[in-house]
Amino acid sequence: MRVVIQRSKEASVTINEKVVGKIDNGYVLLVGFTDGDNKEIIDKMVNKIINLRIFSDSDDKLNLSLKDINGSILSISQFTLYAKLNGRRPSFTDALNYKDASELYDYFNHKLRQEKISVQTGEFGADMKVSLTNDGPVTIIIDSKEDF
């Protein structure tokens, strides 16, 4: 599982010219799955994400978590996080199949919501337009195969 975390002042996702998800202060998460990903990995990822301290405290130190600032999440499925570049055209053979990835993505968002965090999403598998104001900019990549 790979998640790109972008600290955001505001963000939205649009499908067919209609805004389907919008947040203010928080994270935009780009979320991808690969073979071997499971609920246990998602549970670890959720814990890491909600407790990651990348918001500034009163001393301007990155010392506060999403929970500390009562932030929101805009979660976007993104199979292209598992692109292989063996030439000029990417291959996505490392991305998990549609059905299993969709189920894990739903579980991931459910677990985030269980933590009492406001979670907005796009639509799994849809052509989406994501807009955000990256705050900092702060962008962190978490890969379960490397970080757990």
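How much of the accessible surface of the protein chain belongs to carbon and sulfur atoms? Of about 8,500 Å², the share is 44%. Those areas come from the Shrake-Rupley method with a 1.4 Å probe, and for residues only the protein chains shown count as cover.

Hello everyone, a word on ground rules. This is a predicted model, where local features need pLDDT of at least 70, side-chain atom pairs count only at pLDDT 80 or more, and totals for chains, interfaces and linings use all residues. Residues are numbered from 1 along each chain as its sequence is written, and side-chain values use heavy atoms, with hydrogens and water left out.

Let's start with the overall build. The protein chain has three helices and eight strands; these are DSSP runs numbered from the N terminus, with helices being H or I of at least four residues and strands E of at least two. Reading from the N terminus, the order is β-β-β-α-β-β-β-α-β-β-α.

Now for its dimensions. The C-alpha trace spans about 45 × 40 × 35 Å along its principal axes. The radius of gyration is 15 Å, which agrees with the value near 15 Å that a compact globule of 148 residues would have. That radius is taken over C-alpha atoms, and the globule rule is 2.2 Å times the number of residues to the power 0.38.

What about contacts, meaning heavy atoms within 4.5 Å? Among those between residues at least 6 apart in sequence, 72% join residues at least 24 apart.

Let's go inside. Buried residues (under 20% relative accessible area, with exposed over 50% and partly exposed in between, using a 1.4 Å probe and protein chains only) make up 45% of the 148 residues. A nonpolar core is a set of buried Ala, Val, Leu, Ile, Met, Phe, Trp, Tyr and Cys residues joined through side-chain atoms within 4.5 Å. The largest one has 30 residues, and Met1, Ile5, Tyr27, Leu29, Phe33, Ile49 and Phe108 touch the most other members. Strand 1 (2-15), strand 3 (26-32), helix 1 (39-51), helix 2 (98-114) and strand 8 (129-143) each supply at least two residues of this core. Apart from it lies another core, of eleven residues, including Val4, Ala11, Leu30 and Met128.

Please find Ser12 in strand 1. Ser12 counts as buried because its relative accessibility is 15%. Leaving out residues up to four places away in sequence, Ser12 touches Val19, Gly21, Lys22, Leu74, Lys129, Val130 and Ser131.

Over in strand 8 sits Asn134, which is partly exposed at 24%. Beyond four places in sequence, Asn134 is in contact with Gln6, Arg7 and Thr139. From Asn134 to Gly26 is 108 residues in sequence, yet 9.8 Å in space, C-alpha to C-alpha.

Most residues other than glycine have a negative phi, and most peptide bonds are trans. Which loop holds Asn16? Asn16 is in the loop between strand 1 and strand 2 (18-23), and Glu17 is in that loop too. Asn16 has a positive phi of about 50°, and phi of Glu17 is near 65°. Asn16 is exposed at 74%, and Glu17 is exposed at 82%.

A cis peptide bond joins Gly136 and Pro137, with omega about -5°.

Conventions:
Contact means heavy atoms within 4.5 Å.
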